[in-house]
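These are my notebook entries on a single protein chain.

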Amino acid sequence: MANTKVNRLEPGIALARSEFERSFELLRDLTSYAIYLLDADGVIVGWNAGAELIVGHKAEEMIGEPFSRLFTKEERRAGVPRQALFAAKSAGRYENEGWQQRKDGNHLWANTTIEAVRDEELLIGYACITRDATEKRAAEEALRESERQFRLLVAGVTDYALFMLDPNGIVSSWNAGAERIKGYRANEIIGHHFSRFFTDVDRGKGTPLRALYTATQEGRFEAEGWRVRRDGSLFWANAIIDAIRDE
């Protein structure tokens, strides 16, 4: 009976694998993404033009090789390839970003998705899609470093009150100059509305809301007027509000 069962399953498995590989053929010439197929043991059985372009290896160099060959020595030692396949097998899908290795030895920051492919309950293999995110990561790191330097610069300025508001006028950052000039420590003012810096008369006239509205509509608001310190004393201020937008 055991032999009969095996023989009965084999045609179905072969058909499923054939469909699996035929689907890959449609993506073979796509160059935007590295797309490759693995068998159930993690051995590469399909390799598209995008994989050659991104990773550097030709198909004949990679087919028959273990999936782990794409990873750096550090990632292999940490067991990342094995963990990735186990996660895809268990959950049906695995997605992560991490370092992989090109043929020339250089590293690329790869966004990789692995889908487990099954015929009913039987694992046939894995479909893998990798996108080269090296430039994106470098840009993000440069932005983070720029923001870090900006924060250090702003935090060290004591001659000017520099602070950020959210779109509703809530204080979200506070520098040393703002503390010196207005008297509030960061933990006393962050989370509060900036209208508390205005006099009762200006608040009654809606001056804070008009200032935000003008900055929102025109990109910038600038005016002079009386402002209120933490201790209630008044000072004459030149205030500028610049609207900050993303894309």
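**Entry 1. E188 and its surroundings.** I began with the contacts of E188, taking contact to mean heavy atoms within 4.5 Å. With neighbours up to four places away in sequence set aside, E188 touches G183, R196 and R230. I located E188 in helix α8, residues 186-189. Helices here are DSSP runs of H or I with at least four residues, strands are runs of E with at least two, and both are numbered from the N terminus.

**Entry 2. Basis of the values.** I note that the model is predicted: local features need pLDDT of at least 70 and side-chain atom pairs count only at pLDDT 80 or more, whereas totals for chains, interfaces and linings use all residues. Residues are numbered from 1 along each chain as its sequence is written, and side-chain values use heavy atoms, with hydrogens and water left out.

**Entry 3. The chain as a whole.** I recorded ten helices and nine strands for the protein chain. Of its 247 residues, 32% are buried. Among contacts with a separation of 6 or more, 34% are between residues 24 or more positions apart. The exposed surface comes to about 15,600 Å², of which carbon and sulfur atoms supply 52%; I note that the areas follow the Shrake-Rupley method with a 1.4 Å probe, and that for residues only the protein chains shown count as cover.

**Entry 4. Nonpolar cores.** I searched for sets of buried Ala, Val, Leu, Ile, Met, Phe, Trp, Tyr and Cys residues joined through side-chain atoms within 4.5 Å, which is the meaning of a nonpolar core here. The largest has 24 residues, and those touching the most other members are Y36, L38, W47, F67, L70, I114 and Y126. Two or more residues of this core come from each of β1 (34-39), β2 (44-47), α2 (49-55), α5 (80-91), β4 (107-119) and β5 (122-132). Another core, of 13 residues, lies apart from it and includes Y184, I189, F198 and F221. In soluble globular proteins, nonpolar side chains tend to be buried together. I also listed the contacts of L70 beyond four places in sequence: Y36, W47, V55, M62, Q100 and Q101.

**Entry 5. Strand pairing.** I counted two strands as paired if DSSP finds at least two bridges between them. Strand β3, residues 93-101, runs antiparallel to β4 over nine bridges, and Q101 has H107 of β4 as its bridge partner. Five residues separate β3 and β4 in their hairpin, where G105 in the turn has a positive phi of about 95°. β4 also pairs with β5 in the antiparallel sense, over ten bridges, with R118 opposite L123 in β5. The hairpin of β4 and β5 has two residues between the strands, and E120 takes a positive phi near 60° there.

**Entry 6. Charged pairs.** I searched the whole structure for salt bridges (a side-chain nitrogen of Lys or Arg within 4 Å of a carboxyl oxygen of Asp or Glu), and the search gave 16. R93 and E95 form one, with the closest N and O atoms 3.2 Å apart. I noted that both are partly exposed, R93 at 43% relative accessible area and E95 at 46%. R102 and D132 form another, at 2.6 Å between the closest N and O atoms. This pair links distant parts of the chain, 30 residues apart: R102 is in the loop between β3 and β4, and D132 is in strand β5.

Where in the chain are D242 and R220? Their side chains meet in a salt bridge at 3.3 Å, N to O. The pair links distant parts of the chain, with D242 in strand β9 and R220 in strand β8 (residues 220-228), 22 residues apart. D242 is partly exposed at 44% relative accessible area, as is R220 at 38%.

Key: Buried means under 20% relative accessible area, exposed over 50%, partly exposed in between (1.4 Å probe, protein chains only).
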